[in-house]
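Dear colleague,

Please find below the structure that I am handing over to you, with its sequence. My findings follow directly after it.

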Amino acid sequence: MMKQWRNERGLTLVELLASITIGTMLLGVAAMLLSSVLHLSDSESRTFRDRSAAKYAMTTLATQLADSTQAVYYAGNSELRYKMGNVYKAVVFDSANRTLTIYDFSSDGNAANDAAQFANGAISIAAHRSLYTNPVTLHKAVVSVAYKQAGGESVPSVMLKDGQLITIDIVFQYQKVSIGGARTVVPHAESTSVKLMLDITSK
């Protein structure tokens with residue numbers, strides 16, 4: 001009976017090195033794919049957060065203006081003031097810090113005094129900080145803010161009321177993450193239009 005011989009020769013050094021090289025390459029490809037997936041997920045998460053923050057800012061501002069009977073814009077102060085019921089508000093764009101913030105304005109309980117200060121364009125948050133209280137930051141990455149009338153021209157420094165239309169144009173900053181992990185800041189414009197409430201109490 002013939003004896004069967006099995007080849008029990010182990011891997012040669014060349015074969016071992018080739019196996020290690022191939023394994024390393026496969027691990028590298030897997031790591032690159034995983035990194036790309038993580039960066040893509042990070043980018044999508046950031047985009048979702050950025051869009052949600054922008055939507056919150058636009059919706060809040062539009063809702064409050066829709067409930068307001070008067071509004072006036074002071075371009076020199078980057079400030080829009082509006083009256084909701086008996087409450088005066090001011091939304092201020094800080095271009096240095098790129099923030100958009102809503103304040104209670106001149107709420108000292110004196111109606112005549114509040115109305116006079118509301119219509120006074122010489123008042124600003126820089127010079128009269130005590131008149132601006134209870135800040136609510138709408139967004140922390142704003143590039144520009146513009147308020148326009150129905151015809152597209154900028155809102156003047158005169159009182160708007162009686163259902164007049166205001167268009168709000170805001171450019172936000174979004175942060176994008178590439179597949180390679182590089183981060184870039186890109187502008188994203190949002191726009192909405194809202195009509196002021198008719199003040200039937202003054203009719």
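The structure, which is a predicted model, holds 3 salt bridges.

One of them joins Arg81 and Glu79, whose closest N and O atoms are 2.5 Å apart. Arg81 counts as buried because its relative accessibility is 0%. Glu79 also has a relative accessibility of 0%, so Glu79 counts as buried.

Another salt bridge is formed by the side chains of Asp104 and Lys89, at 2.6 Å from N to O. This pair links distant parts of the chain: Asp104 belongs to strand β4 and Lys89 to strand β3, and 15 residues separate them. Asp104 has a relative accessible area of 14% and is therefore buried, the limit for that class being under 20%. Lys89, at 16% relative accessibility, counts as buried too.

In a further salt bridge the side chains of Lys148 and Asp169 meet at 3.3 Å, N to O. Lys148 is in strand β6 (residues 142-148) and Asp169 is in strand β8 (residues 165-177), so this pair ties together parts that lie 21 residues apart in sequence. With a relative accessible area of 31%, Lys148 is partly exposed.

I turn next to the sheet. It is open and consists of 6 strands in the order β5-β4-β3-β2-β1-β7, with antiparallel pairing. Its edge strands, each of which pairs on one side only, are β5 (132-139) and β7 (160-161). Between strand β4 (residues 99-105) and β5 there are 5 bridges, in the antiparallel sense. Asp104, described above for its salt bridge with Lys89, has Thr133 in β5 as its bridge partner. Helix α2 (residues 111-118) packs on the sheet and touches β1 (70-74), β2 (79-84), β3 (87-94) and β4. The direction of helix α2 makes about 150° with that of β2.

Two individual positions may also be of interest to you.

Ala71 is placed in strand β1. Since its relative accessibility is 0%, Ala71 counts as buried. Leaving aside neighbours within four places in sequence, Ala71 is in contact with Arg81, Tyr82, Val158, Met159, Leu160, Ile166 and Leu196. Arg81 in this list is the residue that forms the salt bridge with Glu79. Ala71 and Ala119 are 48 residues apart in sequence, while their C-alpha atoms are 9.4 Å apart in space.

Ser124 is found in the loop between α2 and β5. At 12% relative accessibility, Ser124 counts as buried. When neighbours within four places in sequence are left aside, the contacts of Ser124 are Asn77, Glu79, Arg81, Arg129 and Tyr132.

Leu17 counts as partly exposed because its relative accessibility is 47%.

Yours sincerely

Methods
Residues numbered from 1 in each chain as written. Predicted model: local features only at pLDDT ≥ 70, side-chain atom pairs only at ≥ 80, totals over all residues. Heavy atoms only, no water. Pairing = 2+ DSSP bridges. Helix = DSSP H or I, 4+ residues; strand = E, 2+ residues; numbered from the N terminus. Contact = heavy atoms within 4.5 Å. Axes fitted to C-alpha atoms, helices over the stretch in contact; angles between N-to-C directions. Buried < 20%, exposed > 50% of the residue type's maximum accessible area, 1.4 Å probe, protein only. Salt bridge = Lys/Arg side-chain N within 4 Å of Asp/Glu carboxyl O.
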